[in-house]
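Colleague: Hi! Could you walk me through this one before I set anything up?

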Amino acid sequence: MKAFRVKEFGKPVVEEILPDPVPTGKQVVVRVHSCGLCHSDVHFQEGYINLGGGGRLPLEAAGAHLPLTMGHEIYGYISDFGPQSGLQEADRNRPVIVYPWIGCGECDACQAGYDNACTRPQNLGLQRPGGYADKVVVRDAKFLIDATGIDATIGGVYACSGLTSYSALRKVPTRQGWVGIIGMGGVGLMGLSIAKGIGFEKVAAIDINNSRLELAQNEFGADLVANSQSPDAATVVLDQTGGLQAIVDFVGSDQTCALAMGLLAPGGTYVNVGLFGGQLRLPLAVLSLKQLTIRGSYVGSLAELHELIEHVRAGNIKPIPVTSRPFSTLNEGLAALQSGLVQGRQVLVV
Ligand SMILES: [Zn+2]
Ligand SMILES: [Zn+2]
């Protein structure tokens, strides 16, 4: 099979021919149809995760090593399975979306269904080979979500971009009143689409790019948009909303965090998702006086992905713009992501 692998950090991926995987035990082999390009892959390719303030977490410390097959937004077809997989002949060629945030399977978090909180992760596309390949091995059929009736190009995008925004929105305690979403890139726009699709009453979209804000307002139902580079942005938002009940920050920079702290209403909740590398600076007296909740969100659980796919199947979630490109153009796609010029999501399609 073909696989696109990082052989050296900081260098382009290389196309290689590897032996076809043969599943054993509970394993399932999925034939990849499409795989979304995620901004995390730009960092994985460089070999580290940016922690902000100059701090870097080397990928080796996270349990990943070279050669690395990235790709974690996988839509494909069941191609082969081990004798203990629980699958039958009729399952062959069934379309699936792969849950990639797989944990060790043994710790308390994994046992409770929160593989995404495991401290010994076996994530596809990081610690285990991912979807930038013809085939991917999945440890257990329980990580495959039936994709019947789901668009084959965008389907995989729900496993990272979609799940990340869905899980962050699930951490917002109320769907009434005003909620803010900062960052209208691929994940933030998906967040807006999901928020409006699952019944959030009023959503304010905040970004530094007017064309993204126009898309948010005209196509995705943002009730208010604000360009945070405009000096009166905070005043405008506060005047029109009276303060936000919650803010989901898909950027995570010093600036977006500071802006959020100023926009939250008393009792408000700040959920940070973005890995831009910012740091939180807040007088603790403000935390008390305003009774704020500050929390983080990272990808999401298997159960949340099932819920999200049900919403998608029911037609509740408007699809974000997707550009498809052949797998052979993976390096160009990663370069485009790094330049920050991509609107919506890029997806590699066979
Ligand atoms: Zn991702
Ligand atoms: Zn675990």
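Modeller: Happy to; we can go through the metal site, a helix, the backbone and the open spaces. Keep in mind that this is a predicted model.

Colleague: Good to know. Which protein atoms are the donors of the zinc ion (ligand 1)?

Modeller: The donors are SG of Cys38, NE2 of His72 and SG of Cys160, and they lie 2.0 to 2.2 Å from the zinc ion. Along the chain their spacing reads C-x33-H-x87-C.

Colleague: Are Cys38 and Cys160 buried or exposed?

Modeller: Cys38 is buried, and Cys160 is too.

Colleague: And where does His72 lie?

Modeller: You'll find His72 in the loop between β5 (55-58) and β6 (73-81).

Colleague: Why does His72 count as buried?

Modeller: Because its relative accessible area is 1%, and the cut-off for buried is under 20%. Leaving out residues up to four places away in sequence, His72 touches several others, among them Asp41, Phe44, Trp101 and Leu124. Its contacts also include Cys38 and Cys160.

Colleague: Let's move to α3. How many residues of α3 are buried?

Modeller: 9 of its 10 residues are buried, so α3 is largely enclosed by the rest of the structure. The buried residues run through Ser161, Gly162, Leu163, Thr164, Ser165, Tyr166, Ser167, Ala168 and Leu169.

Colleague: What covers the buried residues of α3?

Modeller: The cover includes strands β6, β13 (244-249), β14 (264-272) and β17 (345-349), along with helices α4 (186-197) and α9.

Colleague: Now the backbone. Which residues does a cis peptide bond join?

Modeller: Leu66 and Pro67, with omega at about -10 degrees. Pro67 is placed in the loop between β5 and β6.

Colleague: What about phi at Gln291 and Val299?

Modeller: Gln291 is not a glycine, yet has a positive phi of about 55 degrees. Val299 is not a glycine either, and its phi is positive at about 40 degrees. Gln291 belongs to the loop between α8 (284-289) and β15 (293-296), and Val299 to the loop between β15 and α9 (302-313).

Colleague: Is Gln291 buried or exposed, and how about Val299?

Modeller: Gln291 is exposed, with a relative accessible area of 62%, whereas Val299 is buried at 4%.

Colleague: Last one: how much space lies in the second largest pocket?

Modeller: About 400 Å³. Of its 24 lining residues, the closest to the centre are Leu124, Arg128, Pro129, Gly130 and Val137. β1 (2-5) and β8 (135-138) are the elements that give two or more residues to the lining, and β8 has the largest share, with 4.

Colleague: And how do the residues of the lining divide?

Modeller: For the second largest pocket, into 14 nonpolar, 6 polar and 4 charged.

Notes:
Residues are numbered from 1 along each chain as its sequence is written. Chains are lettered from A and ligands numbered from 1 in the order in which they are written. This is a predicted model: local features need pLDDT of at least 70, side-chain atom pairs count only at pLDDT 80 or more; totals for chains, interfaces and linings use all residues. Side-chain values use heavy atoms; hydrogens and water are left out. Donors are N, O and S atoms within 2.8 Å of the metal (3.2 Å for Na, K and Ca); water is not among the atoms, so sites may look incomplete. Buried means under 20% relative accessible area, exposed over 50%, partly exposed in between (1.4 Å probe, protein chains only). Contact means heavy atoms within 4.5 Å. On a 1 Å grid over the protein atoms alone, a cavity is a set of points where a 1.4 Å probe fits but cannot get out, and a pocket is an open set with protein on both sides within 12 Å along at least five of seven lines; lining residues have an atom within 4 Å of a point. Grid points are joined across faces, edges and corners, and a volume is the space filled by probe spheres set on the points. Ala, Val, Leu, Ile, Met, Phe, Trp, Tyr, Cys and Pro count as nonpolar, Asp, Glu, Lys and Arg as charged, and the others, Gly among them, as polar.
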